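Subject: Structure for you to look at

Hello,

Here is the structure I said I would pass on. Please open it first, then read the notes below with it on screen.

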Amino acid sequence: MDAETAQTHPFQAEVAQLLHLMVHSVYSETEIFLRELISNASDACDRLRYEAISAPDLLAADPKLAIRIRPDQEAATLTIADNGIGMDRQELIDNLGTVARSGTRAFMTKLAEAAKDKREVKDGASLIGQFGVGFYSAFMVADRIAVTSRRAGSAETWVWRSEGGAGFEIAPASPEEAARVPRGTEITLHLKDDAKRYLDPHEIERIVRTYSDHILFPIELVAKSDDGKEPEPRQVNTASAIWQRSKSELKPEDYTQAYHAIAGAFDDPAMTLHYRAEGRQSYAVLLFAPSQAPFDLFDPARKAHVKLYVRRVYITDDAGLLPSYLRFMRGVVDSEDLPLNISREMLQNNPQVALMRKALTGRVLTELETLAKDEKGESFAKIWQAFGAVIKEGLYEDFERREQLLGLARFTTAVGTMRSLKQYVADFKPNQTEIYYLAGESLDRLKANPKLEAARARGIEVLLLTDPVDAFWTTLAREYDGKPLKSLSQGEVDFGLVPVIDQPAKAEETPASTAVDDAVVIAAVKAALGERVSDVRASQRLTDSAACLVAGGTGPDRELERLLARSSRGGGTTPILELNMRHPLVRALGAAKTGARQDDVADISALLFEQAQILDGEVPGDPAAFAARLNRLVVRGLG
Ligand code: ADP
Ligand code: MG
């Protein structure tokens, strides 16, 4: 490669599309580009300070880390510079254009949807925050960007240039450029005509205070003052570690702002936890629960983003300070005791970190409990709606806290939403001893599921579980408060002792079939279905529907089986078919069996099985055969 000439590189396809959308979408709040660039500069300073712990030389020449913003009215440029870690040539190429970043694709899908509907992308800004497309947001306000950067410890300075089209250019810095950036990164934005207001020092100062006040490094504005004096760098942010300040001097707005700055979010925190632990270890804690779920909540690679600081120095956001089922929490933990030179690897086995993790987990759960008790507060409901499915992972991951987590869990039942198990147990029907649940894909499906019929007839509340994780925790959490949890898709249920409400005559409406008749029908269906079922029996679950499928008493629940089959971890066991012996179709079988219509027996049996599959949200194994059978029966008539 000839180091003297500029090289052009195409943007990775998704980045190019993203830029196109950035340039052409109309945002109401373009000002967040500054927050994004400042946050990158601050990250760069954090990273240098961390690397300098083991290599002090990196910092020595210019030890005061700072971020500088310089508007130039004549040139119509805005420059954001930091003396942080910087980027070498390859890092410029990778970080600013070629390596797909996880959020990019998801962000674009959302944005494109909004653009297609011609909806004004009001929440574009919040999307940018959520999806982490930070740097590219600068193309909302600039039609040309130059990034001059020198990696700490390197002798070379490189310039990345782009007009936001298909690609960018990389070239070695000229001598002046190299002299301007002895370490770190300088980003020069050539502002678009409609973005010239960002040259106004007052406007810049307002934006910095709004979004970036709590950035730990000084943010200096270098601009002519109103009386035209020559520019003097002037610090415009507080640059204080808000978590070190006392609760009494902080207002709710301060916390919201700190949350926005620390978490890079735009929503309001649904819960704020700020305290100082003293004792065996001392550390300051400032944690937030967002009120909105991020797009990558279920990405297996997603970890808890709690930043670990040691005596105000940022170490990592990957210290595992909270278990993965609390990975939605954001914030900072600042330790007074850990050694500054602790490596990220050492953190994993550090006993002090383990103790912190335990204490923090306990505090977060207690705080959630307090929030949940506050009847009028919507906060807990918001958290549960956004993150309940994640918290439930704790039910199988954190055995020690299972009972506590079950106490926090909220459920949808026929009675209402956000029902706790405590409320459920308090509302037990006479003679009810078990907690019933039914798992499935959607609430609508579940509500129509015949397995609920007998419970409904007795007014028994059933937890309707629709999160994939539900199929898993229910296999381990088998009781709450000493009351067994029981799936309505599995084993035998016996509501016998719980009285039926409102319709005591129902049982007498149709003349009771005899046990002998029932046995004949069951045997006939069983013979007709052969290996498709492991058993056929009379149902206690059904009042209106004809049939349902359940799993055996000891195996997994039907829903779990389906999930396992989908992830091809098991073929699923053979189900049991339960029949409603009072249902006309089932009764017709008795008649068909004794009459001459043997064909009907086979077809009706198969239909009973297949309709039970459909009611569970499955597709019959042979849909064409199912349709043919149905048509045959209809044409033939059952008379
Ligand atoms: P994010 O900050 O979420 O990683 P960005 O799009 O804001 O995403 O930035 C992309 C990457 O570019 C950063 O992860 C970082 O590696 C690099 N980068 C951006 N700005 C700077 C800077 N001022 N100094 C050093 N590296 C930077
Ligand atoms: Mg960023």
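The largest nonpolar core in this predicted model has 77 residues. Ile69, Ile145, Trp160, Leu189 and Trp243 are the ones with the most contacts inside this core. Helix α2 supplies the largest share of the core, 10 residues. As background, nonpolar side chains tend to be buried together in soluble globular proteins.

Which residues does Trp243 touch, leaving aside its neighbours within four places in sequence? They are Leu216, Ile262, His274, Ala284, Leu286, Tyr309, Val332 and Asp334.

Nine strands form an open sheet with mixed pairing, in the order β1-β6-β5-β4-β7-β3-β2-β8-β9. The edges are β1 (7-10) and β9 (232-235); each has a single partner strand, so one side of each is left without a neighbour in the sheet. From one strand to the next, the twist averages 20°.

For one pairing in detail, take β4 (residues 142-150) and β5 (residues 158-162), which pair in the antiparallel sense over five bridges. Ala146 has Arg161 in β5 as its bridge partner. In general, the strands of a sheet pair through backbone hydrogen bonds, either parallel or antiparallel.

Two helices to find against these strands are α2 and α4. Helix α2 (residues 32-54) packs on the sheet and touches β2 (67-72), β3 (77-82), β7 (184-191) and β8 (219-223). The direction of α2 makes about 25° with that of β3. Helix α4 (residues 89-98) lies across β1, β4, β5 and β6 (167-172), and runs at about 165° to β6.

Leu368, Leu371 and Ala372 of α11 meet Ser379, Phe380 and Ile383 of α12. By type, the residues of this contact are five nonpolar, one polar and no charged.

Last, the totals. The protein has 24 helices and 23 strands. How much of the protein counts as buried? The figure is 52% of its 639 residues. Among contacts with a separation of 6 or more, 73% are between residues 24 or more positions apart.

Regards

Methods:
Residues numbered from 1 in each chain as written. Chains lettered and ligands numbered in written order. Predicted model: local features only at pLDDT ≥ 70, side-chain atom pairs only at ≥ 80, totals over all residues. Heavy atoms only, no water. Pairing = 2+ DSSP bridges. Helix = DSSP H or I, 4+ residues; strand = E, 2+ residues; numbered from the N terminus. Axes fitted to C-alpha atoms, helices over the stretch in contact; angles between N-to-C directions. Contact = heavy atoms within 4.5 Å. Nonpolar A, V, L, I, M, F, W, Y, C, P; charged D, E, K, R; others polar. Core = buried A, V, L, I, M, F, W, Y, C linked by side-chain atoms within 4.5 Å. Buried < 20%, exposed > 50% of the residue type's maximum accessible area, 1.4 Å probe, protein only.
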